[in-house]
Amino acid sequence: MELKPTRYEGRREERGFAVEDHNSTVNQDIKRKFVSREVYGCFTQEVEYILSRWDYNDAPFSYDDVEHLYMPYCTDCGEGYINFSQEEDEDGFPIYVCDDCGRRYSEDDYRDLDTQEAEIYEWWAVSGFLAKKLAARGECVIDGPCAWYWGRCTTGQAILLDYVISCICEEMGILDGQPNSWAKLPA
Ligand SMILES: [Zn+2]
């Protein structure tokens with residue numbers, strides 16, 4: 001499945017994204033370093049096997065432990081697994097903003113939205129640091145007894161090209177031209 005960066009273009013500007021091209025050659029190199037540091041390996045078969053044993057009491061985790069497995073979807077965008085950003089309105093009350101169309105939902109309206117199950121294609125063992133960043137962006141994560149697992153809803157492209165990875169690197173300010181740029185770090 002291919003991510004469609006164009007879907008986010010309008011919102012990116014509004015939300016003050018500073019980096020023009022997340023996938024420039026330099027930024028791909030930076031994200032490659034980030035992924036090699038924070039992503040430990042693919043454990044799809046292992047995790048799927050464990051999840052398939054949900055009715056065994058000794059399974060180390062189950063679907064109940066998958067954070068964000070069910071996510072609400074925006075009534076404007078229709079069905080589609082789209083993240084919401086948690087923000088505050090003018091009066092300081094929490095609101096949820098659709099990352100795709102920008103529609104704002106109050107907390108009550110957000111809770112009333114219908115949900116759908118995430119389509120997870122791959123499971124990756126990741127650092128606790130990355131797992132928390134992913135979870136904060138609505139990604140599926142398992143806090144397992146010995147490792148953190150990320151349920152990746154994309155496949156068929158390098159992880160460094162995932163939109164969520166670009167967002168996290170930008171938030172950390174490590175992309176090209178940002179204050180903590182990793183451009184000069186050795187590969
Ligand atoms: Zn929407």
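**View 1. Confidence along the predicted chain.** This is a predicted model, in which local features need pLDDT of at least 70 and side-chain atom pairs count only at pLDDT 80 or more, while totals for chains, interfaces and linings use all residues. Residues are numbered from 1 along each chain as its sequence is written. The average pLDDT (the predictor's confidence in each residue, from 0 to 100) is 87 for the chain, and 88% of the residues score at least 70. Residues 1–16 have a pLDDT below 50, and this stretch has 15 contacts in the model beyond near neighbours in sequence. Two residues are in contact if their C-beta atoms, placed from the backbone, lie within 7 Å.

**View 2. The open sheet E4-E5-E6.** Helices (H or I, at least four residues) and strands (E, at least two) are DSSP runs numbered from the N terminus; two strands pair if DSSP finds at least two bridges between them. Three strands make up this open sheet, with antiparallel pairing. Strand E4 (84–88) and strand E6 (104–106) each have a single partner strand and stand at the edges, so one side of each lacks a neighbour in the sheet. From one strand to the next the twist averages 35 degrees; axes are lines fitted to C-alpha atoms, for helices over the stretch in contact, and angles run from 0 to 180 degrees between N-to-C directions.

**View 3. The two hairpins around E5.** E4 pairs with strand E5 (residues 94–98) over five bridges, and Glu 87 has Ile 95 as its bridge partner in E5. Five residues lie between E4 and E5 in their hairpin, where Gly 92 in the turn has a positive phi of about 85 degrees. On the E6 side, E5 is joined by three antiparallel bridges, and Val 97 has Arg 104 as its bridge partner in E6. The hairpin of E5 and E6 also has five residues between the strands, and Gly 102 has a positive phi near 85 degrees.

View 4. Five of the five residues of E10 are buried (20 or more other C-beta atoms within 10 Å of the residue's own; exposed means 12 or fewer, partly exposed in between, with C-beta atoms placed from the backbone). Trp 148, Trp 150 and Arg 152 point one way, and Tyr 149 and Gly 151 the other. E8 pairs with E10 in the antiparallel sense over five bridges, with Val 126 opposite Trp 148. E9 and E10 run antiparallel, joined by four bridges, and Asp 143 has Trp 148 as its bridge partner in E10. The hairpin from E9 to E10 passes through four residues.

**View 5. The buried face of helix H5.** In H5 (residues 128–136), the buried residues are Leu 130, Ala 131, Lys 133 and Leu 134. They fall within an arc of 165 degrees seen down the helix axis, so they line one face of H5; the arc is that of the directions from the helix axis to the C-beta atoms. Among the elements covering them are helix H2 (25–38), strand E1 (39–42) and helix H6 (163–172). Gly 138, which follows H5, has a positive phi near 80 degrees.

**View 6. Tyr 121 in its loop.** Tyr 121 sits in the loop between strand E7 (115–117) and E8. Tyr 121 counts as partly exposed because it has 13 C-beta neighbours inside 10 Å. Apart from neighbours within four places in sequence, Tyr 121 is in contact with Arg 152, Cys 153, Thr 154 and Thr 155.
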